[in-house]
Amino acid sequence: MRIVGRVPQQSLIRTAFDAASTAAGVVAGLNLTGVRAVVTGATSGLGRETARALASVGADVTLAVRNIALGASVTNDIAASTGNRAVRAAHLELADLATVTRFTDGWDGPLHLLINNAGVMRPTLGRTPQGWELQFATNHLGHFALALGLHDALAAGANQRGAARIVAVTSGAHMYSPVVFDDIHFTRRAYDPQLAYGQSKTANSLFAVEATRRWAADGIVANAVNPGGVSTGLQRDFTQDMRDHLDRLEAAGVFAYKTIGQGAATTLVAATAPEFAHNGGHYLDDGKEAATVPDDVDLAGNSHAVKRWARDGTAARQLWELSLDLVRQP
C-alpha cells in the first residue's frame with residue numbers, strides 16, 4: 001500500500017513532551033492531591049508505571065486488576081516508594097462483565113481520571129462465554145462497560161474539579177484493521193491475531209472520539225494514546241512468527257523500543273497536561289497529537305500517525321451503539 005495524494009496540513013496540539021519524555025518527567029512539579037484515578041492492568045508494565053507516577057504526585061489511585069493478590073503486592077510497593085498511602089487494588093476482569101459491574105457498583109464518590117490501560121494480545125482465537133472474540137471483548141468492550149458504569153462518577157469529578165479525563169491506550173497496530181462491523185468476532189472469516197488486535201485498538205481510538213462527543217457537555221473528555229514500542233507482559237504469549245515480525249519492523253526503523261517510563265509518558269500527558277484538560281477525541285503519540293493519514297497507507301513510515309478509520313465519527317457512533325447492545329445483553 002502507498003499514500004495516495006497529499007495529506008492536508010493539520011493543526012495539531014503540541015506539548016512540551018516528546019519520545020524521550022518519561023512518566024516521572026511528565027508529572028514532575030504537579031500536585032494531584034484530591035485527584036482520584038483508576039488504572040486498569042496496573043500490576044505490571046505501563047499500568048504499573050502510570051499508577052506509580054500518579055501516586056508520586058499525590059493522586060488517590062485504584063489499581064483495577066485481575067490478580068488481586070498481585071495487586072495488593074504492587075499497591076504496597078507503590079505506597080512504599082512514593083510515600084502515598086492512598087493506593088489500593090480492586091478486582092476487575094475486563095472479559096467478565098459481571099466483575100465490571102461489581103467494580104462500578106462498588107465505586108463511591110467522584111472520579112477524575114480513568115486510565116483504560118489493560119489489554120491482551122493473543123496468538124490464538126479465544127472467546128468469552130457470550131462468544132465474543134477475546135481481544136475485542138477485553139480491549140474494547142470491557143473498557144467500554146467500565147467507562148459507561150463510571151460515567152456518573154466522572155461527571156461528579158468534572159463538576160468538582162472542572163474536568164474529568166478518560167485515557168484509552170491504543171497502538172500503532174490500529175493500522176492493521178478497521179472495526180469490521182459485519183464480522184467483528186471472526187465467526188465467518190479466518191482468525192488472524194494481528195487483525196483482531198488491530199481491530200480492538202482501532203475500537204479504543206473510536207471510543208475516545210464518541211465518548212468525547214457524547215460526554216463533553218458533562219465535563220468528560222477522552223483521548224487515545226499510542227505508547228509506542230515497549231517490551232511488556234503483553235508479548236508473553238507471542239509465537240515465534242509474531243516475535244520475528246516485530247524484529248523485522250524494528251530493523252526497518254518502523255519503531256524503536258522505549259523504556260517502560262517512556263512508554264507511559266504519553267498516557268500521563270493525556271491524563272495531566274493542560275492542553276488536553278478540555279480537548280478530547282484525539283490520538284496522541286510521543287507526547288503530542290498525531291497527524292491523521294489516509295486508510296491506505298502502510299505502518300512503515302507512518303507509525304506515529306493515526307489512520308482516518310480510527311477517528312471516523314460515523315464509525316465511532318456505530319461502534320458505540322453496537323457496544324451498548326452487546327454489554328446490555330442479559
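Contact here means heavy atoms within 4.5 Å.

**Entry 1: confidence and overall make-up**

I noted first that this is a predicted model. The mean pLDDT of the chain is 92. I found that 90% of the residues reach 70 or more. Where pLDDT is low, the predicted coordinates should not be read in detail. I left that stretch alone.

I counted elements next. The chain has 10 helices and 10 strands. It has 330 residues, and 55% of them count as buried.

**Entry 2: the sheet**

In what order do the strands of the open sheet run? I read β3-β2-β1-β4-β5-β6-β7-β8, eight strands with mixed pairing. β3 and β8 (288-289) stand at the edges. Each has a single partner strand, so one side of each has no neighbour in the sheet.

Strand β2 (residues 60-65) runs parallel to strand β3 (residues 87-91), and five bridges join them. Alanine 64 faces alanine 90 of β3 across this pairing. From β2 the chain passes through helix α3 (residues 68-82) to reach β3. I logged this β-α-β crossover as right-handed.

β7 and β8 run antiparallel and share two bridges. Leucine 284 is opposite glutamate 289 in β8.

**Entry 3: strand β4**

Strand β1 (residues 36-40) pairs with β4 in the parallel sense, over three bridges. Valine 39 is set opposite isoleucine 115 in β4. Four bridges join β4 to β5, and these two strands are parallel as well. Leucine 114 has isoleucine 166 in β5 as its bridge partner.

Which way do the β4 residues point? Leu113 and Ile115 point one way, and Leu114 and Asn116 point the other way. All four are buried.

**Entry 4: helix α9**

I tested the length of α9 (residues 260-272) against its residue count. At 1.5 Å a residue, 13 residues should span 18 Å. The end C-alpha atoms are 18 Å apart, so the span agrees. I also looked for a bend. α9 bends by about 30° at threonine 266.

How many residues of α9 are buried? I got 12 of 13, so I logged the helix as mostly covered. Among the buried ones are Gly261, Gln262, Gly263, Thr266, Leu268 and Val269. I then asked what covers the buried residues of α9. The cover includes the helices α1 (23-27) and α2 (45-56). It also includes the strands β4 (113-116), β5 (164-169), β6 (220-226) and β7 (283-285).

**Entry 5: glutamate 275**

I followed the chain past α9. Glutamate 275 lies in the loop between α9 and β7. Its relative accessible area is 28%, so glutamate 275 is partly exposed. I listed its contacts, leaving aside neighbours within four places in sequence. They are Ile13, Arg14 and Thr15. Glutamate 275 and threonine 15 are 260 residues apart in sequence. Their C-alpha atoms are 7.1 Å apart in space.

**Entry 6: histidine 151**

I picked a residue in helix α6 (residues 151-161), namely histidine 151. Is histidine 151 buried or exposed? It counts as buried, because its relative accessibility is 15%. The cut-off for buried is under 20%. Beyond four places in sequence, histidine 151 is in contact with Trp215, Asp218 and Ile220.

**Entry 7: glutamine 318**

My last stop was helix α10 (residues 313-327), which holds glutamine 318. Glutamine 318 has 41% relative accessibility, so I logged it as partly exposed.

Key. Residues are numbered from 1 along each chain as its sequence is written. This is a predicted model: local features need pLDDT of at least 70, side-chain atom pairs count only at pLDDT 80 or more; totals for chains, interfaces and linings use all residues. Side-chain values use heavy atoms; hydrogens and water are left out. pLDDT is the predictor's confidence in each residue, from 0 to 100. The expected span of a helix is 1.5 Å times one less than its number of residues. The bend at a residue is the angle between axes fitted to the seven residues ending there and the seven starting there. Buried means under 20% relative accessible area, exposed over 50%, partly exposed in between (1.4 Å probe, protein chains only). Two strands pair if DSSP finds at least two bridges between them. A crossover is right-handed if, with the strands pointing away from the viewer, the path from the first strand over the helix to the second runs clockwise.
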